[in-house]
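Open the model in a viewer and keep the selection panel at hand.

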Amino acid sequence: MRIDSLRAVALALACTGALFGCGEGPSAPPASEAASRALAPTDPGLAAIYQRSCASCHTVAATGAPLSGDSGAWSPRMAKGIDVLVDNVVNGFGGMPPFGLCMDCDAAQFEALIRFMATGE
Ligand code: HEC
């Protein structure tokens, strides 16, 4: 019992440290839904596809999808290689349905959409 409460205090202190103790050095601004919603592909055709399919999840954090333009969330995914990512979109991946809800997209369009979401450009 006593040990349990000591552990609870230690955990609470560790959490406080994590919240307030890391003010050293510059850090990237946190990715936000608002920031992701402000982004769109420059190509109008691609932008239309993006808005009707990918954006409905990739601008809403609660879906579990990496937010568009959140390079920190995208870099480990991009490290898998673009071909793997395109395959994962086509087949569905985790909470993402097959084709990311763009049933008539081809591989080149998926690749362009992924590169846009990973960088915000
Ligand atoms: C219904 C919601 C939804 C839609 C629509 C959607 N995604 Fe996703 N996407 C997700 C979720 C959730 C994940 C994270 C899955 C995981 O890691 O478990 C994800 C992950 C990804 C990944 C990373 C896959 C990997 O291997 O790490 C790529 C690439 C991707 N989405 C591309 C797209 C593209 C392109 C579109 C539009 C054509 C799209 N998504 C539409 C929900 C969605």
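Which pocket holds the ligand? The ligand takes up the space of the largest pocket; a pocket is an open set of points on a 1 Å grid over the protein atoms alone where a 1.4 Å probe fits, with protein on both sides within 12 Å along at least five of seven lines. The model is predicted: local features need pLDDT of at least 70 and side-chain atom pairs pLDDT 80 or more, while totals for chains, interfaces and linings use all residues. Numbering starts from 1 along each chain as its sequence is written, and side-chain values use heavy atoms, without hydrogens or water.

Now show the side chains of R77, K80 and N88. A polar side-chain atom of R77 lies 2.8 Å from a ligand oxygen. For K80, the distance from a side-chain N or O atom to a ligand oxygen is 2.7 Å, and a polar side-chain atom of N88 is also 2.7 Å from an oxygen of the ligand.

Finally, select the iron atom of the ligand. Its protein donors (N, O or S atoms within 2.8 Å of the metal) are H58 (NE2) and M96 (SD), at 2.1 to 2.2 Å. The arrangement is octahedral because the six donor atoms subtend angles of 83 to 179° (opposite donors over 155 degrees apart, all others between 65 and 115).

How values were computed:
A polar contact is a pair of N or O atoms within 3.5 Å; within protein, one must be able to donate a hydrogen and the other to accept it, and residues adjacent in sequence count only if both atoms are side-chain atoms. On a 1 Å grid over the protein atoms alone, a cavity is a set of points where a 1.4 Å probe fits but cannot get out, and a pocket is an open set with protein on both sides within 12 Å along at least five of seven lines; lining residues have an atom within 4 Å of a point. A molecule sits in a cavity or pocket if more than half of its atoms lie within 2 Å of its grid points. Donors are N, O and S atoms within 2.8 Å of the metal (3.2 Å for Na, K and Ca); water is not among the atoms, so sites may look incomplete. Four donors count as tetrahedral if all angles lie between 85 and 135 degrees; four count as square planar and six as octahedral if opposite donors are over 155 degrees apart and all others between 65 and 115; anything else is irregular.
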